[in-house]
Structures are given as C-alpha cells and as structure tokens.
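I opened a new notebook page for this protein today. Here is what I looked up, entry by entry.

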Amino acid sequence: MNHDELQRLFKIEYQNVAEFFARCAIIGGAAIVLFGYTGWAASLYWIAGYAVMHIAYFSYLFLAVRNRAPRSRIIATTLLVMLMVSFAWMPIYLLQIQDPALNIPATAAILAFMLFMISRAEKQYDIIAVQVLIVATAAMFIAWRAINQVDELVIKLVVVASEIGVVGYFLQSLLQARKNRLQAEASVKASIETQKMEAIGRLAGGVAHDFNNLLTVILGNLELHDLSPDSRDKAETLEAARLAAERARGTVQQLLTYARRADYSARKADLREIADYCIRLGRPLVTTSINLEKEIPHSELPVLVDKSHLTTAILNLIINAKDAMGDSGTISVIADRLDLKTITEAADGATAGPGTFARVTVRDTGPGIPDEIRARILEPFFTTKEIGKGTGLGLSMVSGFVGQSGGFLQVESSPNGAAFSIALPMIDFPTEESAPGNK
C-alpha cells in the first residue's frame, strides 16, 4: 500500500478531530444508555472493543505514514475490517430484538454507517464487499423482524424487496463513489503532468540560451586547440571543451529525469537535495539580472514525498516568483526545519500542526500579493497573467500536491515581496542543529 493511500485513510478517520471525538462521544454515550436500559455487560464490551480497535488502527496508520511500520495493504485492510465489525455487531444484534426502543437507534446507527462508508470512497473491492455484507446482514434482520409481524404475503414480499433495494442502492452508491474518486485522481494526475509540461516549455527557452553559451565555449576551445602550437595549451583547451560538454550532458539528463511520466510514488528523500536540484534546474528560467540564491542547512531534512511532483511544485513557485518580479530582483530558495508547538492555519484555510516539518520556501523581492486577490490565489484557473501566459493552475496544483503529501502551504506577502513555503512532515528527526549555509 502506497504512502498517499495511507495518508488518505488517516485523514478520513482522524484529520477532523472535532468530528472524530463527536462520533466517539455519541457511540460511547449510546453504550452507557444501553447499559442503563438493559443492564447488559455486552454494551460495555462493545464500546471497549471499539476503542481498542481505533487505537490499533490509529497507531498503525500513524506509524506507517511516518515510515516507522511496514506499509502493508493486508494489515491496513484487516484492521479496517475489524474496526467496522467492532462497531456494527451491536446495532445488528439489536435489530433482531422485538423492542422499538432498541430497533430505532440501531437502524439510525446502520444508516450513519452507510453514509460514512460512502464518504470513504474505497477503491478495494474486498473492503466494499465487507461494507455491503454488514449492511445486508442488518437488512436481513430488519426484514426478518418485519415479516414475522405481518400475515399478508404481499406485504412480506414488499418488505423483502425494500431491503434488497436498500442494499442494492448502497452497493451502487459505493461503486459510484469509487468511480468518482478514480476519475478525480486521474484528473489530478493529468493536471500535474500539464503543469510539468508547461514548466518544461518554460525551461526549454532558458536551456536553449545555456546551450548556445556552452556550444560557444566548446567551439571556441576547439578552435584554440587547432591554433595553439603548445601541447599544454592544447590539453587545457580540450579539458575546457570537455567540461562544457559534460555540463551540457548533465543539463539534458536533468530535463529527461524531470520530464519522465510517473505515478505518484512517495519515497524517503532529503528535502535539501530536492531544493538544491530545483535550483540547478531552475537557473535557466531566470535572466542574468535576476539573482537565484539558496539557503540550505547542513543537517538532513528527511520526508516522504514524490520527488518528481515536489520538483514540479518548487519550479512552479520559482516561475511565479520570476513573473512577479519582471526583469530584476532576487529569488531565494530556503530549506529549513519548522517546529510547530501549536495548531496553525495553512494558506488554504485548513489547520496544521503541532509537529515537526521540513520546509522549503521560495521568496521573491517583487511587489507582493495585492490584498484584493490574496484570498483567490489558490483557486483553480484564477490568474492575473495575460492570456496565453498562464493557466491559473500552478498554485492550486501546488496546494493540492502538498495536502496529498500530508503537509501544508504557507503564504506571506508584503510590499517587499512574497514567500511561498511547502511544509512536509519529517519522518525522523536529526539530532544535530541545522546550520544554514548560503551559497
């Protein structure tokens, strides 16, 4: 199971802290009321088992997302199925008891279960099968209790058909949610590739200029080699030509590596290395009148991320910074460690923290972001650029990618410039202090 799917499962269950605790409080309160009404010890066993399964599921996802436990589809699926069963068995049991005071809340619990499962939009057919089986079992008990209370065959058939229809509709809703999710993921992937190709197009112009300079160096040194009578001079001119050719080959290799088409695949990486790579790849994007500086710490900044997608995001920020400044200014790419002690608000309005994050910031010395458009900069297709010079997808894709990676985006603006920061959870924490080294 890949990292982004584990991250998605963790967010569904636990990102909305208020909703999760409200859900647990309702179920816990129901167990206490049930115990008071019936005196059954099983009601206490029910809530205890549900709590234990949540602790196990939370612990596994928390550790697996941070690469401290194996990312196993079997473990995640087994724990999820056990969690669903630990909740559903009590409502199903209550449905077969001839007591409306128990039947009504049990039916409401099953309906809530159905709505929550649809919202999960699971891709795995085995989990969908378990979800349908749980609802079908509940529907069977409802139908069994109902047909035992009536004598007319027609009504019995109507009851059975109704319950079959509910289960069928639930299955159809699960499959449609799955289809919508797959289409949304495909759309995001296509948009990222579009942004990558747009960035490559921008890179091509700068690379052509670089190649002209490199070819001039190569050809000039080869001519000097032919004209020079000194063997030492000949060797030096050949070495200079060779170094220029090596640099050209390196530039081509970087473009080929960056341009490759690949699925989202989160792997352990050092944010410092990615930031440094983006600076090298992004230099052709800026003119000689724009300074591209970096501040990279000495200590490691380990994260779980898709390197290609993060490269696309950082290059988009560099392109936006260059466009914001025009023909002159300074772009700084800064990598550092961010320790959040409290919850903070991200650029998209979501909350993040507390926790330790690795952060890369692209800062420019342009005019900043006007207050009247600041609230809209992450909207898809919103752009202040001229027609044909921007799609308005760059920042929205950066924000979406960062959220998919479990991080958040920060935006700062003043009349002296703007700064966009990508913060990603660190998967382990270096012991030595970070010491920025400018270069």
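**Entry 1: an alanine in a loop.** I started at Ala-121, which lies in the loop between α5 and α6. Helices (H or I, at least four residues) and strands (E, at least two) are DSSP runs, numbered from the N terminus. I noted a positive phi of about 50° for Ala-121, although it is not a glycine. Most residues other than glycine have a negative phi. I also looked up its cover: Ala-121 is buried, with a relative accessible area of 11%. Buried means under 20% relative accessible area, exposed over 50%, and partly exposed in between (1.4 Å probe, protein chains only).

**Entry 2: what I am looking at.** This is a predicted model, in which local features need pLDDT of at least 70 and side-chain atom pairs count only at pLDDT 80 or more, while totals for chains, interfaces and linings use all residues. Residues are numbered from 1 along each chain as its sequence is written, and side-chain values use heavy atoms, with hydrogens and water left out.

**Entry 3: the overall picture.** I listed 12 helices and 10 strands. Of the 439 residues in the protein, 45% are buried. The protein exposes about 22600 Å², and carbon and sulfur atoms supply 62% of that; the areas come from the Shrake-Rupley method with a 1.4 Å probe, and for residues only the protein chains shown count as cover. I then checked contacts (heavy atoms within 4.5 Å). Among those with a separation of 6 or more, 75% join residues 24 or more positions apart.

**Entry 4: the cores.** Which residues touch the most other members of the largest nonpolar core? They are Tyr-57, Tyr-60, Leu-61, Met-84 and Phe-87, in a core of 49 residues. Such a core is a set of buried Ala, Val, Leu, Ile, Met, Phe, Trp, Tyr and Cys residues joined through side-chain atoms within 4.5 Å. Helices including α1 (3-14), α3 (41-65) and α7 (153-227) each supply at least two of its residues, and the largest share, 11 residues, comes from α4. Leaving aside neighbours within four places in sequence, I found Tyr-57 in contact with residues including Leu-9, Glu-13, Leu-80 and Arg-120. Another core, of 44 residues, lies apart from this one and includes Ile-296, Val-305, Ala-358 and Ile-377.

**Entry 5: strand β7.** I turned to β7 (residues 355-364), where 8 of the 10 residues are buried. It pairs with β4 (residues 329-340) in the antiparallel sense over 10 bridges, and two strands pair if DSSP finds at least two bridges between them. In this pairing, Ser-332 stands opposite Arg-363. β7 also pairs with β9 (residues 417-425), again antiparallel, over 7 bridges; there Val-362 stands opposite Phe-420.

Entry 6: Gly-368 lies in the loop between β7 and α11 (371-374). Not counting residues up to four places away in sequence, Gly-368 touches Ser-413, Ser-414, Gly-417 and Ala-418.

**Entry 7: who lines the pocket?** I asked which element gives the most to the lining of the largest pocket. The answer is α3, with 5 residues. Other contributors of at least two residues include β7 and α12 (394-404).
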